[in-house]
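Please keep the sequence at hand while reading.

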Amino acid sequence: MAERIGVIGVGHLGQHHARVYTELLDARLVGVADSDIERARLIGEHLGVPWYSSAEELIKRKSPDAVSIVVPTSQHYETAKIALNAGIHVLVEKPVTLRPEEAGELLKLADEKNLVLQVGHIERFNSAIRYISQIKCEPIYLDSRRTSPFSARINDVGVVLDLMIHDIDIIMSLVQSKITRIAATGACVFTEHEDIADAQITFENGVLAHILVSRIAEKKCRQLEIVERERQITVNYEAQTLQITRCVNNAEGQTEIRESPVFPKSEPLKLELAHFVDCVKEKRPPLVGIRDGKRALEVAVEILRQIHSSDNDNELKQQVFEEN
């Protein structure tokens, strides 16, 4: 039997959550909700489902098994709490909340009610990242660049919670070690939030990661370079491609060999939502759970603290190092 799914928030990204659920065999979209009732009506009519002006109304009228929460970040905590308290499984878009303690409360609530709580870190479902997760990868240095031209669409958070949170999550999933040092800088250019940010993360096992994010760049770039002792892996997130470069010794000296592995490619959002539905059906933990979302958020908050404050005496810094 198909799981009954609702989507709360049908803006730029939420509309695609709603669309994808209509394409999944194990899911049935039962309704959408948005505080902008005209927007809700537009998407609801387009997809042939009822529309509502609030999460509460959607839950009361349609009693979904699960919901996608795709509202502004500042509303994630309260909206997720409403759904969890109603006994509904939740996928909440990244970042999970604005504050780590809020994420901790959602974690406790989901555990108490035995509910699936997945965080929408979509890059984990990028076909190139899925390929890397299946091969032995031992990075010593990672360099991540995620840049875009300016858009006024995202205005409730800065570039760290909008873009860098993706890269923090991916890097922490690839480097299974505690963080020992974070150094970050950034600047507000066109908005009151940081529009460009640069961070270096040092891990206990000696791995170093560098992340640059910007929403004021001339061109869009989504790239990750993973340096290992005997090879370098370059990921193009947009194209979902990999290039593996090795240097081999031969009679003529060193030769550079480049490989471009071939693997199936799928829409990351469709893979992510299909995974969520499977977890709901089978009552199993998701690939990216609330603990992963909370850890990535704690690192992001420390980066934000360094960018926006000169005060180095912050308890969160020690918490990040101890918990990760």
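R146 has a relative accessible area of 2% and therefore counts as buried, where buried means under 20% relative accessible area, exposed over 50% and partly exposed in between (1.4 Å probe, protein chains only). Helices (H or I, at least four residues) and strands (E, at least two) are DSSP runs, numbered from the N terminus.

The model is a predicted one, so local features need pLDDT of at least 70 and side-chain atom pairs count only at pLDDT 80 or more, while totals for chains, interfaces and linings use all residues. Residues are numbered from 1 along each chain as its sequence is written, and side-chain values use heavy atoms, with hydrogens and water left out. Mean pLDDT (the predictor's confidence in each residue, from 0 to 100) is 93 for the protein chain, and 95% of its residues reach 70 or more. Over residues 311–321 pLDDT stays under 50. Where pLDDT is low, the predicted coordinates should not be read in detail.

The structure holds 26 salt bridges. In one of them, R124 and D292 have their closest N and O atoms 3.6 Å apart. R124 lies in the loop between β6 (117–120) and α6 (127–133) and D292 in helix α9 (residues 290–308), so this pair ties together parts 168 residues apart in sequence. Both residues, R124 and D292, are buried. K81 is partly exposed at 26%, and E78 is partly exposed at 44%. A network of salt bridges links R19, E23, E267 and K270.

An open sheet of 6 strands has the order β3-β2-β1-β4-β5-β6, paired in parallel; two strands pair if DSSP finds at least two bridges between them. Its edge strands are β3 (51–52) and β6, each pairing on one side only. Strand β5 (residues 89–93) and β6 are joined by 4 bridges, and V92 stands opposite V119 in β6.

Terms used
Contact = heavy atoms within 4.5 Å. Salt bridge = Lys/Arg side-chain N within 4 Å of Asp/Glu carboxyl O.
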